[in-house]
Amino acid sequence: MKPFIKYILLGALLLFGLSLPQESKAAEEINATQLVMEHTADAHDWHITTINGHAISIPLPVIIKTSQGWQCFMSSQMGPKLQSLGLTLKDGKIYEGSKRVLDISITKDVVQLWIVVILLIIIFVPCSRWYKGKKPSDGAPKGFVGLIEMLTMFIYDDIIKETIPEKHIHKYAPFLLTAFFFIFLSNIMGLIPIFPGGANLTGNIAITFFLALCTMLLVNLFGNKHYWKDIFWPDVPWWLKVPIPIIPVIELFGVFTKPFALMIRLFANIFGGHAVAISLTCVIFITFQKSIVTGASVGSISFLLMIFMDFLELLVAFIQAFVFTMLSSVFIGLAHQGEEEPQKKLA
């Protein structure tokens, strides 16, 4: 479903609420906090919608290890199965007594991850085939292939080539380009309200942790001697290094704070954007529960703000992918600082 279709449907819902008599809207109080957490958290099933109190969901495999061994069942059977095993479900986590069980289930975020990977393959394999048999003198691609080339060359020319020494570009460019398109597409998919979108993939700190960990490993495993020298023996006055290694400790601490900042920045921005958008949606229903007048006034403002937030999230989806890629490229480039490029001999 396109974003503008979602706006039309929400607008129709708002108008429908105005036409309802006050007595028909006496419903249970909406818990905005609970709704925000439910829509932004991972889950063992993929909830589509609720009709007449009946939840319509896509069941997913639940794979857990308990004291009785490995257990595998579909999420649609979770209630009776957990009860028969003496397990409890709390905040989406499965516990055996007070101990959390080992859970390697195929959750909503895992399925969303697979969908994003499949989409990346569908996008880039045809694009790569377009270039086969082409000559440098041939015209530039148009349409969708041209758009992908524009984004690729933008990241490659304006970020990677500007921050990483030339002889290392081809080593790190595949990771950086993959990270950019993976984050960007994951962010876009998170804005689609229904399956196959809607999962808060980059708003899951486990995903951002892994992406930041990849950058950390590339920086520290392949950093040159100048990089490590600037950490343990930086060019600062000696009394900042001995007898108390103040600056080396700070620099060593930075080895871990840089990827931590990458992880938190991406997670917080995406999670926060989704939380605000869902909260504004909740305001519409909460105000209509109070009164028609309050719902028509405050709910209308909330609806406009929600549209603004969705457009803003489209921009944030690109900016966060760009920022993560740029900072990763800068950190990798700093790990190769001090390397001089060979000078071309004059004829």
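**Exercise 1.** In this predicted model, determine how helix α6 (residues 169-191) and α7 pack, giving the angle and the distance between their axes.

*Solution.* Two packed helices are described by the angle between their axes and the distance between the axes.
- Step 1: The axes of α6 and α7 make an angle of about 165 degrees, and they lie 12 Å apart.
- Step 2: Angles over 145 degrees count as roughly antiparallel.
- Step 3: α6 and α7 are therefore roughly antiparallel to each other.
- Step 4: The two helices, α6 and α7, cross in a left-handed sense.

**Exercise 2.** Repeat the analysis for helix α7 (residues 205-221) and α9, and state the handedness of the crossing.

*Solution.* 
- Step 1: Between α7 and α9 the packing angle is about 150 degrees, with 8 Å separating the axes.
- Step 2: The crossing in which α7 passes α9 is right-handed.

**Exercise 3.** Find how many salt bridges the whole structure holds, then name the partners and class each by accessibility.

*Solution.* Side chains of opposite charge can pair when their charged atoms come close.
- Step 1: Searching the whole structure gives 1 salt bridge.
- Step 2: The partners are aspartate 235 and lysine 229, whose closest N and O atoms are 3.1 Å apart. The cut-off for a salt bridge is 4 Å.
- Step 3: Aspartate 235 has a relative accessibility of 67% and so counts as exposed.
- Step 4: Lysine 229 has a relative accessibility of 36%, so this residue counts as partly exposed.

**Exercise 4.** Which residues form the nonpolar patch on the surface, and where is valine 242 placed?

*Solution.* 
- Step 1: The patch consists of Phe232, Trp233, Trp238, Trp239, Val242, Leu252 and Phe256. Together these residues have about 790 Å² of accessible area.
- Step 2: Valine 242 sits in the loop between α8 (225-232) and α9 (246-290).
- Step 3: Patch residues need over 30% relative accessible area. Valine 242, at 33% relative accessibility, counts as partly exposed.

**Exercise 5.** Is threonine 287 buried or exposed, and how far apart are threonine 287 and glycine 299 in sequence and in space?

*Solution.* 
- Step 1: Threonine 287 belongs to helix α9.
- Step 2: The relative accessible area of threonine 287 is 9%. Residues under 20% count as buried, so threonine 287 is buried.
- Step 3: Along the sequence, threonine 287 and glycine 299 are 12 residues apart. In space, their C-alpha atoms are 6.3 Å apart.

Note on methods:
Residues numbered from 1 in each chain as written. Predicted model: local features only at pLDDT ≥ 70, side-chain atom pairs only at ≥ 80, totals over all residues. Heavy atoms only, no water. Patch = residues over 30% accessible without salt bridge, like charges linked within 9 Å, V, L, I, M, F, W, Y side chains within 5 Å. Areas by Shrake-Rupley, 256 points an atom, 1.4 Å probe, with all protein chains shown as cover. Salt bridge = Lys/Arg side-chain N within 4 Å of Asp/Glu carboxyl O. Helix = DSSP H or I, 4+ residues; strand = E, 2+ residues; numbered from the N terminus. Buried < 20%, exposed > 50% of the residue type's maximum accessible area, 1.4 Å probe, protein only. Axes fitted to C-alpha atoms, helices over the stretch in contact; angles between N-to-C directions. Left-handed = near helix turned anticlockwise from the far one by under 90°. Parallel < 35°, antiparallel > 145°, perpendicular 65-115°, else oblique.
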